[in-house]
Amino acid sequence: MELIQDNPYSKITIKKICQTADIGRSTFYLHFDSINDVLNTVLDDAIMTTSPDYFNINDFSIDYLKENESLIPACQRVGANEKYRKLLMDPDLTEYIVGRIMVHERGRVIPAIQKKTGLSKEDAETLFLYTLHGSFAVNRANHFRKNNQWYHDVQLSSFVKLS
């Protein structure tokens, strides 16, 4: 995380990681097979699963969202921690991060979409992917900061989310 603050992910090397962590390459390889393994560990730590109660939200008002932060989707919560913002804003990682969120959330979110909407699994997955990509795009546009514009955008997007 320290390295990503000053370097794009594409410029981070195992050598830089070892120097920053003050470890040898052999120690690195005892714990990780590649830089992507490090990235996965960081992302897995950052991503919390979405509460199934998210699908019962009927009030997308700014006050309600502020009071119930744990109910909003993972890609909207991860950016709340400033240490992850540079990582999330790295344009080379967008699809990778969205894919990682998808892996974490798919098993809980798709059945919840099916239950709420009656959609087939395939259609629920399409809606899930659409919502995830759109949500991530809105968050990137707001630099993962929950300011008034972000709350406005989330309220606006609630009109198409599982209504």
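**Labels and their grounds**

Tutor: This is a predicted model. Ile97 touches Leu43, Leu87, Leu88 and Phe136, leaving aside residues up to four places away in sequence.

Student: What makes these count as touching Ile97?

Tutor: A contact requires heavy atoms within 4.5 Å. Leu43, Leu87, Leu88 and Phe136 each touch Ile97 by that criterion.

Student: Which residues have the most contacts inside the largest nonpolar core?

Tutor: They are Ile17, Leu87, Ile97, Phe128 and Phe136, in a core of 32 residues. At least two core residues come from each of α1 (14-21), α3 (35-46), α6 (85-89), α7 (94-117) and α8 (121-141). The most come from α7, which gives seven.

Student: Why is it called a nonpolar core?

Tutor: The name applies because its members are buried residues of the types Ala, Val, Leu, Ile, Met, Phe, Trp, Tyr and Cys, joined through side-chain atoms within 4.5 Å. In soluble globular proteins, nonpolar side chains tend to be buried together.

Student: How many helices and strands does the chain have?

Tutor: The chain has nine helices and zero strands. Buried residues account for 40% of its 163 residues. Of the contacts with a separation of 6 or more, 62% join residues 24 or more positions apart. The chain exposes about 9200 Å², with 53% of that supplied by carbon and sulfur atoms.

Student: How many aromatic pairs are there?

Tutor: The structure holds three.

Student: Why is the pair of Phe28 and Tyr29 called edge-to-face?

Tutor: The ring centres of Phe28 and Tyr29 are 5.1 Å apart, and pairing needs them within 6.5 Å. Their planes stand at 90°, and edge-to-face means over 60 degrees, so the pair is edge-to-face.

Student: What makes the pair of Phe28 and Phe32 tilted?

Tutor: The centres of the Phe28 and Phe32 rings lie 5.5 Å apart, with the planes at 40°. Stacked needs under 30 degrees and edge-to-face over 60, so this pair is tilted. Ring pairs link Phe28, Tyr29 and Phe32 into a cluster.

Student: How do you know whether Phe28 is buried or exposed?

Tutor: Its relative accessibility is 2%, and buried means under 20%, so Phe28 counts as buried.

Student: Why are Tyr29 and Phe32 called partly exposed?

Tutor: Partly exposed lies between the buried limit of 20% and the exposed limit of 50%. Tyr29 is at 38%, so Tyr29 counts as partly exposed. Phe32 is at 24%, so Phe32 also counts as partly exposed.

Note on methods: Residues are numbered from 1 along each chain as its sequence is written. This is a predicted model: local features need pLDDT of at least 70, side-chain atom pairs count only at pLDDT 80 or more; totals for chains, interfaces and linings use all residues. Side-chain values use heavy atoms; hydrogens and water are left out. Helices (H or I, at least four residues) and strands (E, at least two) are DSSP runs, numbered from the N terminus. Buried means under 20% relative accessible area, exposed over 50%, partly exposed in between (1.4 Å probe, protein chains only). Accessible areas come from the Shrake-Rupley method with a 1.4 Å probe; for residues, only the protein chains shown count as cover. Rings of Phe, Tyr and Trp (its six-membered ring) pair if their centres lie within 6.5 Å; planes under 30 degrees apart count as stacked, over 60 as edge-to-face and the rest as tilted.
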